[in-house]
Amino acid sequence: MTFGYHPLQGGYDVPMRIVGANVPYEWLIYFIMFIPLGIFAYGFYKRVQVWMLAKGEIHRNDQVGQRIWSLIYYSFAQARIIRKPLAGWMHFALFWGFVVLALAAGVDAAHYWIGWPHIEGSSYIWFSKVVDIMGFLALIGIIVLAGIRYIQKPDRLNDTKQSDGWIILLIFAILFTGYLIEGLRIAAQIKMSTTMAQIAYEQLASPFGWMFAAPFAGTSLDSVLMWHRILWWFHMAIAFLFIAILPFTKLWHIMAGMLNYTFRDLEPSACRMVDNIEEAETFGVEHIEEFGWKDLLDLDSCIRCGRCQENCPAYNTGKALNPKITLIQHMKQHLDEKAPYLIANKNQPEVVEEMAMTEAAEEFVSPMDKSLLYDVVTTEVIWDCTNCRACMEHCPMFIEHIPKIVEMRRNLVMWQGDMPSEAQMAFTNMERNYNPWGVGFANRAEWLNERGVRDKVNLLGEDGKEFEYLLYAGCAVSFDDRYKKVGEALVNLLDKAGVSFGYLGVEEYCCGDSARRLGNEYLYQTMAQQNIESFNNYGVKKIIVVCPHGYNALKNEYPQLGGNYEVYHYTEILAKLVAEGKLKPSQSLGAKISYHDSCFLGRHNGVYDQPRAVLKAAGTSIVEIDKSKEFGFCCGAGGGRMWMEEEAVEGFKRINDTRTDQLLVPSPEMIVTNCPFCLTMISDGVKGAEAEEQTKVFDVAEVLWKTMQ
């Protein structure tokens, strides 16, 4: 042995292989490896340094056990990645191939550093086989992923960069040269063996390596040994290059994604709370560094897979908002440009002055002078969002898009005073009459008389009877003529089932959801606190909410203000009553229907089955369209967009019309919703499609009540 050189030889009596055989100076690699590891560590430090620029407060140090499980489950099971079968399973194969190959490399390093014994016998065969197969699956994975990006070219990958191709090529080269090296080693050992039986165990230990050895059968032993050495060093060089560039390329999503899995939001769907709002000096986010560290980590975690874009109703109807590009990637680019200035300003303010002077001379617009709201993201993008949560539901990295948009809206509304006129009108209506319709609040309980159900309702301010549930009817039931019919149907159903419930009437205020999601946090908190005070005055414990937006607010957001109650959407209660036999339909409708999943009941709260159970009990036949459940398409009214006019982009339809077209595909007799906003938007869509004669639009409660009459 010279300078750690182990000559290669034919097969061994006991199945095994010698680490680094046929590679002169192989021992150098165990010292050279500290160079890429050092570069990786430096890059890691620089990224953390950027995240630490964040001024916003996000605390994610709770529920440690669940966070560790989240890291393990989503990193190693690739649970969100594989939701998209082809690309997902190919990524799964690529990921696990690299994990297994890295473990094998670690075993080789352990052999050098701590004298880890060679793996021999059946252990060697099985260990080698697993590594061989997993590596080959990774090779297939990268080839298929390259085919998807460059041959199939789905729209979601509409921002392919030159660097993407180089990284794919690098990964392919690492895997492919690994098999060439394995094939050359086996080919050399075959030539050195006296009999084929002496090396036959490699057919089991390295089935694909054996396959790669076949082309070298006619090559001389000296040539095989020479190419084995050359490719071995080349393979190690590009593997080390991979490690070194991790923090500086899109490959960084590997580490950032694992951190995102660990520190993802484990709480129910809710906007972030502004504590002590009366004492706040600013509102929302105006500059990129005012976000929390998790928000900046999100930007590094984005792999540009486009799943958010693919499911975004705004993007799919031609709007300026593209959650991948015009939101996350624009913010990331801005952060990367601005971070050096922020870091320099933090450590050496004089350097920033010099940079500014240089830029002034070159007439260059400094990132410090760019507005996050007007230049980077733009207000058009910010106001396009419906808060439907499709982006967050389908993002494999748990990037939090909606909180970022809401924070920027807060700054526009509460600090800049810059908002669409329709949003301002909705705020004025809520401030004056506690509802976005602007109808006098004194008329809030008049719908009971209009619909003839006053005698079935325990109006708490007047009747004062005992009750188990509070019926939070919401603004739509009170003031929207069409939705008053839904309130009537629900009251009749609850009365028929013998449910004890009370109603606040004029003491009920708007839940505040639209105000909050449009950015007026102060108005939201004012109305929410008024509701909580009313609930507490009457000793409310359980609440039935009609509107999914109010349901989400009362269930997930009121606890931030101390309002903790058992909150149910009315479809959950109806499903329970049907299951218990307290509501027994007297007839079967037998109608073919399309069911529309409300975003705030579905993606925000995971309530998909209960409304379907009610409709099934009513004897309807639900035709599930492609865009249903977690893939459901928004009606266009969420995020406060109900109160804002939507202009159709040339070549596209409005969001509600697009959704209506999807629901009309199976030619249903009915389209059924569970939300007042959805009912309005889909009804308008059916009218616009001139399909009113063939298809009627109803709410779940109305459908069930039809079967009771």
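Predicted model: local features only at pLDDT ≥ 70, side-chain atom pairs only at ≥ 80, totals over all residues.
Residues are numbered from 1 along each chain as its sequence is written. Local features need pLDDT of at least 70, side-chain atom pairs count only at pLDDT 80 or more, totals for chains, interfaces and linings use all residues, and side-chain values use heavy atoms, without hydrogens and water.

**Exercise 1.** Determine how α2 and α13 are oriented and which residues join them.

*Solution.* Helices are DSSP runs (H or I, at least four residues), numbered from the N terminus. Step 1: the axes, lines fitted to C-alpha atoms over the stretch in contact with angles from 0 to 180 degrees between N-to-C directions, come within 9 Å and cross at roughly 85°. Step 2: α2 and α13 are therefore roughly perpendicular, a term for angles of 65 to 115 degrees. Step 3: the contact (heavy atoms within 4.5 Å) involves Arg47, Gln49 and Val50 of α2, and Lys332, Leu335, Asp336, Ala339, Ile343 and Asn347 of α13.

**Exercise 2.** Identify the salt bridge of Asp336 and state which parts it ties together.

*Solution.* Step 1: a salt bridge requires a side-chain nitrogen of Lys or Arg within 4 Å of a carboxyl oxygen of Asp or Glu. Step 2: Asp336 pairs with Arg47 at 3.3 Å, N to O. Step 3: Asp336 belongs to α13 and Arg47 to α2, so the pair ties together parts 289 residues apart in sequence.

**Exercise 3.** Describe how α13 meets α18.

*Solution.* Step 1: the axes of α13 (residues 323-347) and α18 (residues 401-416) come within 12 Å and cross at roughly 75°. Step 2: α13 is thus roughly perpendicular to α18. Step 3: Pro323, Leu327, Ile328 and Met331 of α13 touch His401, Lys404, Ile405 and Met408 of α18.

**Exercise 4.** State which helix gives the most residues to the nonpolar patch.

*Solution.* Helix α2 (residues 34-51) does, with four residues.

Terms used: Helix = DSSP H or I, 4+ residues; strand = E, 2+ residues; numbered from the N terminus. Parallel < 35°, antiparallel > 145°, perpendicular 65-115°, else oblique.
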